[in-house]
2 protein chains.
Amino acid sequence: MIMNETIIISHGSGGKQTHDLIHSIFFPAFNNPELNREGDAAILDISGVKLAFTTDSFVVKPIFFPGGDIGKLAVAGTVNDLAVSGAKPLYLSCGFILHEGFSIEKLKKITLSMKQFADECGVRIVTGDTKVVERNSNDELFINSAGIGLIHKNAPRGKEFFQEGDAVIVTGTVGDHGAAIFSVRENMGFDTEILSDCASVYPLAEIALEHSENIRIMRDPTRGGVAAVLNEFIENTPFGIEIVERVIPVRNDVKTICEILGFDPLHLACEGRMVIVLSQAEAVSLVEKFRKTELGKGSAIIGSIRAGSKGLVSMKTIAGGERVVDSPSGELLPRIC
Amino acid sequence: MIMNETIIISHGSGGKQTHDLIHSIFFPAFNNPELNREGDAAILDISGVKLAFTTDSFVVKPIFFPGGDIGKLAVAGTVNDLAVSGAKPLYLSCGFILHEGFSIEKLKKITLSMKQFADECGVRIVTGDTKVVERNSNDELFINSAGIGLIHKNAPRGKEFFQEGDAVIVTGTVGDHGAAIFSVRENMGFDTEILSDCASVYPLAEIALEHSENIRIMRDPTRGGVAAVLNEFIENTPFGIEIVERVIPVRNDVKTICEILGFDPLHLACEGRMVIVLSQAEAVSLVEKFRKTELGKGSAIIGSIRAGSKGLVSMKTIAGGERVVDSPSGELLPRIC
């Protein structure tokens, strides 16, 4: 990364530029044994107790959207980062950066939404901080949430345990959050409202952790969508991934938005889904369990780990062809979370 | 707090308005047994291990200042919140909110400063997040850091253990950080540069924790300064505090700035000091130990806990009078940390 460059919006979009920034600036600077280089949380051993520790800032616009708000998202995002690390989410912090002029009534609404959703998730918001910055025509508030969780004995073993033929599961429809934000932001006026999938994935993560000692990896596909997650999975492995378009769950209205705007649903953020890799046999029985739950009823095996296509995520299309599924690049949809 | 109000700058200044916002919005909303209502960190028991957990966001302007930068401050602030809670700081998270157009070279400088200072403090930055928001003429970046520390067996017992005659210690000169920020922001052109006191207080906290099983309370006087901390100490207690102006350590150039601008040094932020309450006898010997260290060489007993003046912080002035030391109110100095 050239040092006279400046930050551009796509450095925050979760795709290639974010990846480059992290790998060229943050990883070399912060280098240490516990640094969370892969996955969504650092794994710490404190006096013999294994904990996951993670952080996420939220700058979504608009701050209220169908299916949630920035506060609910801040809780869900951090809870989910802990859950996919194989940890039971326990405690959250919450740092508010408020812009002068922000409505105290809205602030109250957002904090109550956080508390209500934290209760649903079984986590406690235990510490916080508030800063105020000058009025800005654009921004209302930013929220950071960091979280601590207790690692499960069956926490994912890591991508180094990938085997050819391992199955790739998604736990529900893809791209709902991204499409929800886009439809309200652009005032697209669809008849039916697209709801964000914003939810805690921990109930499904717990089912998975109880189901198998051999989960390879779990991840929540937020910024950059399923495409970014799959590409990260195979990075630094000898494998590729092949997915099958026909079996990828996508809502019809999300498909429509994507067709109109030329988006790929695999690039759109989810905020209540997981992508999981484990053996085919265990995946089949896990998807059966997921489908019996409300949150996981849309679960599907969408593809598998492939040898002989190192570093490549490819998709068998409905039209009968095959195409590369790349990480999103550039400013697909800024400020989505 | 009336619900049609909006956020004003002084809600973030650490004085009365911040206190009101926290007590009227955040505490009622987030109510739970572990919620950090007093002190600088939540105290958690996870599988029998006692941890401190805290968070702080940093929005200081300018981002580089004499004696530090926003990155060093983000590490120091969170390390110090853990230290004064009686915890050994172990792990930090780090969430960047970058404004489009921010220089990648500056970002690199700041991350290296964080790493270097984290190494000095013996803590590891183990997890992070990056978001990018649209260009803003004013702001460059915000940093949130959350932290985890391991509670010491002699962690402070709490203000409910205050006894009449207990001593109040400060570990060095008061108001240096606030004065440093102000002097560069206002371009005051003093001959000598005022350096921020930005530092980890953990080495002194550790001396204190090893020195006494009966520390009542420790706090780092950041936003709102020593005045805000002393007023928080006596809140909901039957006591007052009397301090003696003559013995409060204040740098001459900080005094000069305060005289010119009509500020009270007790209202200016420190970023490398502690205020500690413990028995007179133990305080005298602790200050002796502190004074043998570079960081604590300016330590002094500045006053004591008093019965018969419930809820009042008063100061014997050099002029021979007595005045009330109130928490700062209004926009003393926004964006100081």
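## Two helices side by side

Helix 1 of chain A passes helix 3 of chain B in a right-handed crossing (the near helix is turned clockwise from the far one by less than a right angle). This is a predicted model, where local features need pLDDT of at least 70 and side-chain atom pairs count only at pLDDT 80 or more, while totals for chains, interfaces and linings use all residues. Residues are numbered from 1 along each chain as its sequence is written, with chains lettered from A and ligands numbered from 1 in the order in which they are written.

The two helices (DSSP runs of H or I, at least four residues) pack at an angle of about 20°, with axes 9 Å apart. Helix 1 of chain A and helix 3 of chain B are therefore roughly parallel (angles under 35 degrees).

## Who meets whom

From helix 1 of chain A come Ile25(A), Phe26(A), Ala29(A) and Phe30(A). They meet Leu107(B), Lys108(B), Thr111(B), Leu112(B) and Lys115(B) in helix 3 of chain B. Being in contact here means C-beta atoms, placed from the backbone, within 7 Å. By class, this helix pair's contact has six nonpolar, one polar and two charged residues.

## The whole chain contact

Zooming out, chain A and chain B each put 71 residues into their contact. On chain B's side, strand 6 (a strand is a DSSP run of E, at least two residues) gives the most, with 10 residues. Chain B's side splits into 36 nonpolar, 22 polar and 13 charged residues.

Note on methods
Two residues are in contact if their C-beta atoms, placed from the backbone, lie within 7 Å. Ala, Val, Leu, Ile, Met, Phe, Trp, Tyr, Cys and Pro count as nonpolar, Asp, Glu, Lys and Arg as charged, and the others, Gly among them, as polar. Axes are lines fitted to C-alpha atoms, for helices over the stretch in contact, and angles run from 0 to 180 degrees between N-to-C directions. Angles under 35 degrees count as roughly parallel, over 145 as roughly antiparallel, 65 to 115 as roughly perpendicular and the rest as oblique.
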